[in-house]
Each structure stands twice: as structure tokens, then as C-alpha cells.
Amino acid sequence: MDQFKALRYFSKVAETGSFTKASVVFGVPPSSLSRRVADLENSLGATLLKRSTRDVKLTEVGQRYYSQVLDILNQLEQSNESVRSYQAQPMGHLHISSMVGFGERILLPLLDEFSQLYPEIVLDVSLSDELSALTRDDVDVAIRGGYAPNERVLAIKLMGNQFIPVAAPSYLADMGKPQYAIELKQHKGLYFRTPNGPTPWLSYINGQWQDVSAPQVAVSNNGKWLGDLAAKGKGILMAPRWAAAHYLASGQLEELVLEPSVQITQSRDMAVYLLYQKQRYLVPKVKAAVDFLVARVKG
């Protein structure tokens, strides 16, 4: 930094032709500028300035050096301005990680609008149901279903993540519509596979939790494939309400009302969370993404 300061002092002296005028710009005594420039000349082993009582002029080598130094200082200022702009407005690469089903049905359709609002942000989107660590995987924003994570990140609840039993009208016509949770054991089951294995079907019966899972017909971590299988009448599926919404609206699937109700976990606190590191919210691109998704999705 000392050499950088000397270059700035030298450049301003060359521009103004005066140590005194240059010192006013930097708010330091002329003697300080003179010493800095002298140290620069000594380090280079060359005389850059011809000093007289009336003015200061560049030597021949000083003129060449000044031209090169001026280019360097201009490039540095452009770089500094670029960084300041980066910090002042949303721009750069934004890394978003989302679970596949939510990404395909909700996130990706929203990103067209986001790109129009923030054209200088380059989106890098990864859809995966594998858990990712924000710090390890270089992720700016992550969207995950389940419980609020224990890792040191901020978690905003975007929506509930209630799983409901659904089946196609054709399946129910063939197999009958179950009314009680325990009847599910006599049906065909389509199961979503999590990192911990297929989701069980649980019901609170006679004061205790019981597994009422149907025999497995298919297991996958691809929610769309399972939804399509269910729509084709291949079995009963426990699906997030948001993921099954378009199947229900079109009549391809219908929700089963069972007694008692069926869940995939004993807890009722499951939700879809938006995750990010607290300090990253200060970066405009991350703040823009968090604020946008919360405004568009949070219910």
C-alpha cells in the first residue's frame, strides 16, 4: 500500500506540476509527498521528476513511467467502481438450491419474473432432494422441506408441508375407497424416498402411533414420477398438498379423508423453508432473492 500511495502522489504531482498543489488534494504536507516520491525514485533507481524552485517537470523516463502508472491507476479505479456497484445493486452469480418438486412446480416459474427484475443477476439453479450445506456447497439460497435446520443459517417458513393421501378415481373404482387408516394395509403404496428412506404412513390409533403403510408398488425420490403413477391409478400416494394441487384441481387425483388422519411423521411442524446465511443477506443479490421469494411464496 505504501508503493500504491507513492504512485498516487507521483501521478498527482506530474499532473499538477507542483508538490504544493498535489498536497492540497491529499491533505498532507508537501514535504510528505516529496519524501514519498523520492523513496519511489530510489526504489526504481531512476529520476522521475526535475525539480526547480518554480515548478516540477517529468524527466524522459518519468514521462514513460507516468503514462504506465496512469493506466494502472485508471484500471484500479474502474475495478473499485465495479466492486462498489456490485455492493450497491443486485448483480453477479446467484446460486440457488431447491428440492426437485418445489423447484419444478413453484420456483422455476417464478424465476422468469425475477430475471426481468434483476437482469444483472446470473442464476445458477440446482434441483436436488439431497441435503446441502450452504457453506460447503457454495449455495446462496436453499429451499428445503422438513423441519427448521439446526445448522447456523436463517430459516424462513415459506409454507406448510402437510402430506395428504391421494389416489386416482380409477384406482378407487377398482380397489375401493378406504375410510379408515388401518385399511391402507390392504392397498397399493407409492412412496417418496428421503435420505432416511421411504416415508412411512403413520396414524394415531387407540392412543399410540401405528404404521399403516400399504405394500410398496414403487419408491422414488422423483415426486413428479410418483404423482404421474398415482394419476394412472397405480396406487395411493402421500404427497405434499402443494405438489398434489394441480392433480387435485384437474380431477386426476382426489384426496382421501381417513379416520384417523395419516401422516408421514409424528410431528405436525413440517414446512418448506428458505435458508440463507445471515451475513450473506447484506449482499444485494442475496437480499433481492430472499425478499422476492418471501413476497411471492410465503403464505
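Is Asn206 buried or exposed? Asn206 is exposed, with a relative accessible area of 72%; over 50% is what it takes to count as exposed. Keep in mind that this is a predicted model.

- Five strands make up an open sheet, in the order β4-β3-β5-β15-β6, and the pairing is mixed.
- The edge positions go to β4 (121–127) and β6, which have a single partner strand each, so one side of each has no neighbour in the sheet.
- On average, neighbouring strands here are turned by 20° against each other, ignoring direction.
- On the parallel side of things, β3 (residues 92–98) pairs with β5 over 3 bridges.

- Strand β15 (residues 271–276) has 6 of its 6 residues buried, so the rest of the structure largely encloses it.
- In a regular strand, side chains alternate between the two faces of the sheet.
- For β15, both of those faces are covered: Ala271, Tyr273 and Leu275 are buried on one side, and Val272, Leu274 and Tyr276 are buried on the other.
- One partner is β5 (residues 141–146), which runs antiparallel to β15 and is joined to it by 5 bridges.

**Helices**

- Helix α9 (residues 284–297) lies across β3, β4, β5, β6 and β15, and runs at about 25° to β6.
- Two packed helices are described by the angle and the distance between their axes.
- For helix α5 (residues 100–117) and helix α8 (residues 241–250), the axes come within 10 Å and cross at roughly 50°.
- That angle makes α5 oblique to α8.
- The crossing of α5 past α8 is left-handed.
- On the α5 side, the contact is made by Gly101, Phe102, Arg105 and Ile106, while α8 brings in Trp242, Ala243, His246 and Tyr247.
- Sorted by class, that α5–α8 contact comes out as 5 nonpolar, 2 polar and 1 charged residues.

**Around Lys50**

- Lys50 belongs to strand β1 (residues 49–51).
- Setting aside neighbours within four places in sequence, Lys50 is in contact with Asp55, Val56, Lys57, Leu58 and Thr59.
- If you want a distance to check, Lys50 and Gly62 are 12 residues apart in sequence and 9.1 Å apart in space, going C-alpha to C-alpha.

**Backbone spots worth a look**

- As background, most residues other than glycine have a negative phi, and most peptide bonds are trans.
- Asn206 has a positive phi, near 55°, even though it is a residue other than glycine.
- You'll find Asn206 in the loop between β10 (202–205) and β11 (208–211).
- The bond between Glu259 and Pro260 is a cis peptide, with omega at about -15°.
- Pro260 is in the loop between β14 (254–255) and β15.

Technical notes: Residues are numbered from 1 along each chain as its sequence is written. This is a predicted model: local features need pLDDT of at least 70, side-chain atom pairs count only at pLDDT 80 or more; totals for chains, interfaces and linings use all residues. Side-chain values use heavy atoms; hydrogens and water are left out. Buried means under 20% relative accessible area, exposed over 50%, partly exposed in between (1.4 Å probe, protein chains only). Helices (H or I, at least four residues) and strands (E, at least two) are DSSP runs, numbered from the N terminus. Two strands pair if DSSP finds at least two bridges between them. Axes are lines fitted to C-alpha atoms, for helices over the stretch in contact, and angles run from 0 to 180 degrees between N-to-C directions. Angles under 35 degrees count as roughly parallel, over 145 as roughly antiparallel, 65 to 115 as roughly perpendicular and the rest as oblique. A crossing is left-handed if the near helix is turned anticlockwise from the far one by less than a right angle, and right-handed if clockwise. Contact means heavy atoms within 4.5 Å. Ala, Val, Leu, Ile, Met, Phe, Trp, Tyr, Cys and Pro count as nonpolar, Asp, Glu, Lys and Arg as charged, and the others, Gly among them, as polar.
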